[in-house]
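Welcome, and please have a look at the model below. The short report that follows walks through it.

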Amino acid sequence: MAQPLSVVRVVRLGLRLGLFQLSLGILGVLILGLLNRLLITEIGVSAALTALAFGAQQLMGFSRAWFGNRSDRIPPGRLRRTPFIVMSSLALSLLFGGAGWVVLQLARTMPSAEQPFFGAWMGLLTLISIAIGTAVAAGGTAFSALIVDLATDRERPRVLSVVWGMRLLGVLLVTALVNRIFGAACGLEVGQAAVIAGLERLIVVTPLVLFGLGVLSVFGLERRDPQFSSSP
């Protein structure tokens, strides 16, 4: 049973939990905004094929019910939500790095009129996108359940307002982040060298940011209930 929280603690809890949503906001803009634009505009992949590759992550929405059930079935004496959120953050950081690496390979062969492995690269990107959708479903479901565990019915709307505000903040801040680590590749007139250099920085820095935010958002928040802990 969640204990009542003061207004200050509600805001603090929302800000802590909001770091996970901040990372999802950054991830969403980088994938659906930056990588999507690079594939279509700079690399020359058709918009339909790009939408199919990145949109495949939505196919895994049904897995939320399974992950929620798995989380709820963990005994109360153990951490039930934190492992899902941390593993989700780790998976998302690695998968984004993989998606950026695939786009980087395509960018390196931009001058080629016919890329011999184009279909394989796009297939791999689609599989990575599906895996991203699975990781978001796992972490997002556990994240929602953690809010229910930590806040009362009266406090929950306040916590959620702060949490979703943090996601919007991530969407706003990602432009500055991209400008910082992507450099000249954000401009309208970019060359192959600028795109490649920007992607190389992106796939090194961004995974660290995503994982760090995910871990900080839940570290130490969920407590084991000693009442249900098994004695030796």
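## Burial

A residue counts as buried under 20% relative accessible area, exposed over 50% and partly exposed in between, with a 1.4 Å probe and protein chains only. In this predicted model, local features need pLDDT of at least 70 and side-chain atom pairs count only at pLDDT 80 or more, while totals for chains, interfaces and linings use all residues. Residues are numbered from 1 along each chain as its sequence is written, and side-chain values use heavy atoms, leaving out hydrogens and water.

Of the 232 residues in the protein, 46% are buried.

## Overall layout

The protein has 7 helices and 0 strands (DSSP runs numbered from the N terminus: H or I of at least four residues for helices, E of at least two for strands).

## Helices α1 and α7

Helix α1 (residues 7-43) packs against helix α7 (residues 192-218) at an angle of about 160°, and their axes are 8 Å apart. Axes here are lines fitted to C-alpha atoms over the stretch in contact, with angles from 0 to 180 degrees between N-to-C directions. The angle therefore makes α1 roughly antiparallel to α7 (over 145 degrees; under 35 is roughly parallel, 65 to 115 roughly perpendicular and the rest oblique).

## An aromatic pair

The protein has 3 aromatic pairs, counted when ring centres of Phe, Tyr or Trp (its six-membered ring) lie within 6.5 Å; planes under 30 degrees apart are stacked, over 60 edge-to-face and the rest tilted. W66 and F67 form an edge-to-face pair, with 5.1 Å centre to centre and 80° between the planes. W66 is exposed, at 52% relative accessible area, whereas F67 is buried, at 14%.
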